[in-house]
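Biologist: Please take a close look at the pockets of this protein, and describe what lines them.

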Amino acid sequence: MKIIDLRSDTVTKPCDAMRNAMAAAEVGDDVYGEDPAVNRLEGIAARITGAEAALFAPSGTQSNLLALLAHCERGDEYIVGQQAHTYRYEGGGAAVLGSIQPQPLDFEADGSLSLEKVEGLIKPDDFHFAKTRVLCLENTQGGKVLDLDYLGEARKFTLKKGLALHLDGARVFNAAVALGKEAREITENFDSVSICLSKGLGAPVGSLLCGSGALIGRARRWRKVLGGGMRQAGILAAAGIHALENNVARLSEDHENALALRDGLSGIEGIRVESGSAETNMVFISMQEETAGALEQYLHERGILISSGKTVRLVTHLGVTREDMDRVVQCVKGFLDKDEK
Ligand SMILES: *Cc1c(COP(=O)(O)O)cnc(C)c1O
């Protein structure tokens, strides 16, 4: 039986062509700057994000941390979403390792941060306060795509306020594909952007931080400090190159599958499909607490993996098909029918 894993798009596995590209990669010592595949990947990432330079890192968590360390000094502050990965899901790295204080605030329903609210959180220039240095946005945010006009506003705002603007763009290609735009139309608004290769793009490992030459120079130093300087990393970079060259446009299939899943689940009694679902590759459903555990177990027995909780994020990716969506909908229906009897 095929396992349908909807817990995350991080569960994707490299295809044969990607593995072949990895096996054939020309490599060198990347800490010496001598790995041809890493250099090529960094060049590609810089080009598609419209940045001067890029740096290959082992994870998105590290890319985001490198950005904060490169933008800030000890005692500085970054403004960030309360539910943002960079704040909530990265072990407090900026505070732990950079002495950088977070100033979180709630995301708006559309995944943006209200610039008016952000303005109220910027600290005055006074030694009582941390120095506010960076505004961090996330795109996609919980599967939602930030509006291009909003990004333009955020760019103007941060320039006026003297803040750096960082994007956690772990899924920025999902956002670009959903808008029918090039990624750089999104990323050019930012001073730094982290992208993930190991989510829907299907690479086993890897992330890139993109930004100015000076910023990437500082980040390169911090990457060594954090133990992220890898040697013959071209084997991993080759997977990333394959991912960027082959797996970006196809994200639209994941979005279509999410739509099919959303529509299929919408009609089912006992389940609520949350608004903002299927803008990209995520569908959110909520249900009663007792139902949630039982549904997870029921689906698990039928080869369908979902996360725990009464609100569940279902994520589509290159490892699941349209037929799989129909199967999931059928199984959820089967479960709730059984439940009623
Ligand atoms: C996955 C993810 C990251 C980075 O996660 P890693 O597992 O460290 O690669 C960063 N931001 C967001 C929004 C993510 O979803």
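Modeller: By class, 5 nonpolar, 12 polar and 7 charged residues make up the lining of the largest pocket. The model is a predicted one, and in it this largest pocket has a volume of about 700 Å³. Its lining comprises 24 residues, among which Q83, Y89, Q141, G142 and R313 are the closest to the centre of the pocket. Two or more lining residues come from each of strand 10 (282–286) and strand 12 (311–315).

The second largest pocket has a volume of about 260 Å³. Its lining consists of 14 residues, and I48, F173, E182, A183 and V248 are those that lie nearest its centre. By class, this lining divides into 9 nonpolar and 5 charged residues, with no polar ones. Helices contribute here: helix 2 (36–49), helix 8 (172–179), helix 9 (183–187) and helix 11 (234–246) each provide at least two residues of the lining of the second largest pocket.

Helix 3 (residues 60–71) packs with helix 10 (residues 213–225) at an angle of about 115°, and the axes of the two are 8 Å apart. The crossing of helix 3 and helix 10 is right-handed. On the side of helix 3, the contact is made by Q62, L66, L69, A70 and H71, while helix 10 brings L215, R218, A219, W222 and R223. Of the residues in this contact, 6 are nonpolar, 2 are polar and 2 are charged.

Key:
Residues numbered from 1 in each chain as written. Predicted model: local features only at pLDDT ≥ 70, side-chain atom pairs only at ≥ 80, totals over all residues. Heavy atoms only, no water. 1 Å grid on protein atoms, 1.4 Å probe; cavity = no way out; pocket = protein on both sides within 12 Å on 5 of 7 lines; lining within 4 Å. Points joined across faces, edges and corners; volume = space filled by probe spheres on them. Helix = DSSP H or I, 4+ residues; strand = E, 2+ residues; numbered from the N terminus. Nonpolar A, V, L, I, M, F, W, Y, C, P; charged D, E, K, R; others polar. Axes fitted to C-alpha atoms, helices over the stretch in contact; angles between N-to-C directions. Left-handed = near helix turned anticlockwise from the far one by under 90°. Contact = heavy atoms within 4.5 Å.
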